[in-house]
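Hello,

Here is the structure we talked about handing over. My notes follow below it.

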Amino acid sequence: MRIVFAGTPEPAVVALEALLHSEHEVVAVLTRPDAPKGRGRTLHPSPVKKVALEHGIEVLEPKTLRGNAEIVERLRAIAPDAIPVVAYGNLVPPELLDLPQHGWVNLHFSLLPELRGAAPVQAAILSGLTTTGATTFRIDEGLDTGPVLATFEEAILPTDTADDLLTRLAYEGADLLVATMDGLASGSIVPEPQPVDGTYAPKIQSKDARIQWDCDAEVVDRTIRAYTPGPGAWTMLGEQRVKIGPVSIGDSDTLGAGEVAVEKNRVRVGTGTVDVILQEIQPPGKKRMAADAWGRGLATETIEAGVKFV
């Protein structure tokens, strides 16, 4: 099939490369426009755009698809059979949905209808699920509500961060997307309507990643893993906002919620149940460091006065 691939961030690159090595022809790429990064706010191409240019593939990067006559005309001229989508970041207007014969086919990192929306991987970890997966479905006018084409399941490990889980889903999902394109081309896939009811995983805001130390230790652990690496779970230490890396759950409950105990080879923090042991911490303006090294660097008088995260 002739394919236009729509995607923007690094996880989408895995799917694009899988399609480039498949029997299908990737004739163009849709991606978000170059974005400013770094202190100098210089413009940088998306990871998907970089790969497309390396392969000499036409790149389309409209700010929006809605009301964009130029992009509609170009897509009609390209005449793709399908437009697979992985984390593109642009809404597809109704007038474009039926332009390809097989529609716009989204790879979503959950088992729909559960965890529709922008952050399914983070929500799966935060909710304490032990299993998630990925779904390919044909995009319709709803939010991740179109008919399902194919799925696979993936176990969530007790130590998984969002990055760990997303990496596995991206690679396995790339294979699922290629298999879906194969099935559409051969006519072997029969779309299955989704149930109306489902759950949602809304876009993450920075405030969501603040650690609530009075929660159960398991909830604190899941919060930190769900928001690692981005936006990063955080807490306040006095006037400083610090990011907290993965923790392990201890076996004592001697500390109050948020209280910090700096010991010889470890740093413990109290929760609503048992204490947790910090593995990494990132003070403002510094790189991530081992928590025990951070603890040794605290002034003695600060430790004696008491250290508490809030």
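In what order do the seven strands of the open sheet lie? The order is S5-S2-S1-S6-S7-S8-S9, with mixed pairing. Strands here are DSSP E runs of at least two residues, helices are H or I runs of at least four, and both are numbered from the N terminus. Two strands pair if DSSP finds at least two bridges between them.

First, the provenance. This is a predicted model: local features need pLDDT of at least 70, side-chain atom pairs count only at pLDDT 80 or more, and totals for chains, interfaces and linings use all residues. Residues are numbered from 1 along each chain as its sequence is written, and side-chain values use heavy atoms, leaving out hydrogens and water.

S8 (131-138) pairs with S9 in the antiparallel sense over seven bridges. Threonine 131 stands opposite alanine 155 in S9.

Next, the cores. A nonpolar core is a set of buried Ala, Val, Leu, Ile, Met, Phe, Trp, Tyr and Cys residues joined through side-chain atoms within 4.5 Å. Buried means under 20% relative accessible area (1.4 Å probe, protein chains only). The largest core has 44 residues; Phe5, Val86 and Leu177 are among those with the most contacts inside it. Helix H6 (162-186) gives the largest share, ten residues. A second, separate core has 25 residues, including Val242 and Leu298.

Best wishes

Notes: Buried < 20%, exposed > 50% of the residue type's maximum accessible area, 1.4 Å probe, protein only.
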